[in-house]
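This report goes through selected features of one protein chain. The sequence and the model are shown first, and the description follows.

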Amino acid sequence: MAGIGFELRRMLKKESLGGKLQGYAFSAIIGSGPWVLSIIAILAIGMLNTDGGATAPYVSDFQVSITYLMASSLVATSVLQLMFTRFVADRLFEHRDALVLPNLLGALLLTVVVTGLFGVVVAWLWLEGSVLYRLCMMVGFVILCGMWVVLVFASTIKAYRRILLVFSVGYGITVAAAYGLRHMGVEGLLLGFVTGQACLLFLLLAMVVRQYPGQQLLAFGFLQPALIYPSLIFTGLFYNVGVWADKVLFWFHADTGVNITGPLQASPIYDLPIFLSYLSLIPGLAIFLIRMETDFSERCEQFYTTIQNGGTLAQIEQAKKDMVASVRAGMLAVFKVQGATTIILLVMGGEILAWFGVATVNRAILNIQLVGVAFQLLMLSALNVFYYLDQRRAALLLCLFFLVANTVLTWVSLQFGTAFYGYGFGLAMLLTSGLGIAMLARKLDLLEYETFMLQPANT
């Protein structure tokens with residue numbers, strides 16, 4: 001996202017307050033992307049399908065179905081996302097832009113075939129409901145998997161206004177189509193969601209095709225063994241499974257899980273607080289995009305450029321100091337903004353929820369989840385630095401720790417009863433972010449040593 005960040009930073013340099021507010025607004029929306037915007041769209045569809053203040057009975061079926069689509073598509077593509085991102089980044093660094101589009105189309109073809117076959121099996125052997133419901137679930141799964149792949153490229157495009165327009169159009173169509181087809185029940189809402197996401201996918205793909213014209217149709221260079229980094233495959237898998245581990249445990253626990261439709265379970269006491277808490281990340285993600293993705297990436301590039309150009313020891317040390325300072329300043333800025341947002345929501349959360357007409361949420365669980373997602377943003381900041389420094393092993397260990405901690409601590413919290421619900425996730429994020437910051441501090445201390453010692457010896 002650094003390419004977009006550089007453009008947004010120019011906007012923030014405007015002297016007017018309006019210009020700065022506009023810049024941070026763009027950063028918040030683009031930084032959150034479909035992750036948070038999808039939550040807003042799902043909640044908006046639910047709010048629009050009310051009758052006399054009561055939500056239509058099929059809305060919960062729709063919201064749970066979409067949650068399963070999001071979770072399964074993110075986990076399914078997690079083995080490809082980081083590996084493919086690294087492939088794209090390396091080709092752009094080599095100025096071989098012509099390889100980008102063919103490999104994107106190759107990755108999309110592979111994704112559609114694999115996830116399509118998997119979706120057919122699951123839809124017809126596991127899911128229950130009408131043929132249209134199963135078809136929408138299958139097609140929605142494939143479309144979302146494709147969108148996560150395309151977003152790897154969309155993040156390199158600097159036309160932030162166009163990206164914002166595409167997101168707005170895509171999710172606008174999603175909400176409008178679901179509302180227009182609401183008379184069909186859950187199938188209508190799902191069909192509207194799938195229609196909107198399909199439009200978003202093709203609009204994003206059109207932007208990438210325009211940005212990276214290629215000379216061939218398909219390529220599968222990203223599957224060459226020499227270009228595959230197994231650590232990135234498992235890092236993506238561990239992180240995405242870790243994100244959903246606590247939700248799945250609550251869904252299928254006897255005391256907290258409720259059957260919604262067919263085999264799909266949900267946990268009303270846990271799901272609404274956790275999804276609302278993720279909306280609190282929007283301000284922090286805006287700062288993350290500007291400070292961690294943009295400022296740090298610039299300092300990181302200067303450090304390695306100084307080494308490649310044969311800079312003196314004093315120049316290398318100064319470049320490192322500047323980079324470390326940007327890491328500290330960025331993480332501190334993220335901590336301040338997200339911390340302030342969390343405190344405000346902890347104090348005024350009840351009034352805000354009442355204003356939006358959400359009165360059924362468990363405030364105790366919501367409060368601990370708000371703190372947990374704030375620490376999750378710090379973890380993401382540490383992971384971001386590890387990726388830039390090519391510290392793949394550190395990122396892998398951190399995501400594995402997150403997966404184990406969230407799974408084990410959530411299971412333990414379930415054994416202790418209602419008063420401890422949510423503390424498993426919150427404690428897991430606290431421990432993971434603390435470990436990530438400690439590992440990052442050590443890696444930065446040893447940066448020069450590891451940078452030079454890992455270089456091939458001249459013979």
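Which residues are buried in H14? In this predicted model, the buried residues of H14 are Gly424, Phe425, Gly426, Ala428, Met429, Thr432, Ser433, Gly436, Met439, Leu440 and Leu444. Helix H14 covers residues 423–445, 23 residues in total. From the first C-alpha to the last, H14 reaches 33 Å, close to the 33 Å expected at 1.5 Å a residue. An α-helix has 3.6 residues a turn, so residues three or four places apart point the same way.

**The chain as a whole**

The protein chain contains 15 helices and four strands. It has 459 residues, and 51% of them count as buried. Its accessible surface is about 20,700 Å², and carbon and sulfur atoms account for 68% of that area. Of the contacts between residues at least 6 apart in sequence, 78% join residues at least 24 apart.

**Helices H8 and H9**

Helix H8 (residues 230–252) and helix H9 (residues 268–279) have axes that come within 10 Å and cross at roughly 160°. Angles over 145 degrees count as roughly antiparallel, and H8 and H9 are therefore roughly antiparallel to each other. On the H8 side, the contact is formed by Val243, Trp244, Asp246, Lys247, Phe250 and Trp251. These meet Tyr270, Asp271, Ile274, Phe275 and Tyr278 in H9. By class, the residues of this contact are eight nonpolar, no polar and three charged.

Gly349 lies in helix H11, which spans residues 313–355. Gly349 has a relative accessible area of 7% and is buried. Leaving aside residues up to four places away in sequence, Gly349 touches Ile344 and Arg363.

Most residues other than glycine have a negative phi. His95 has a positive phi although it is not a glycine, and Asp390 likewise has a positive phi without being a glycine. His95 is in the loop between helix H3 (58–93) and helix H4 (100–125), and Asp390 is in the loop between helix H12 (363–388) and helix H13 (392–416). The table sets out their values.

| Residue | Phi | Relative accessibility | Class |
|---|---|---|---|
| His95 | about 60° | 70% | exposed |
| Asp390 | about 60° | 35% | partly exposed |

How values were computed:
Residues numbered from 1 in each chain as written. Predicted model: local features only at pLDDT ≥ 70, side-chain atom pairs only at ≥ 80, totals over all residues. Heavy atoms only, no water. Axes fitted to C-alpha atoms, helices over the stretch in contact; angles between N-to-C directions. Helix = DSSP H or I, 4+ residues; strand = E, 2+ residues; numbered from the N terminus. Parallel < 35°, antiparallel > 145°, perpendicular 65-115°, else oblique. Contact = heavy atoms within 4.5 Å. Nonpolar A, V, L, I, M, F, W, Y, C, P; charged D, E, K, R; others polar. Expected span 1.5 Å × (residues − 1). Buried < 20%, exposed > 50% of the residue type's maximum accessible area, 1.4 Å probe, protein only. Areas by Shrake-Rupley, 256 points an atom, 1.4 Å probe, with all protein chains shown as cover.
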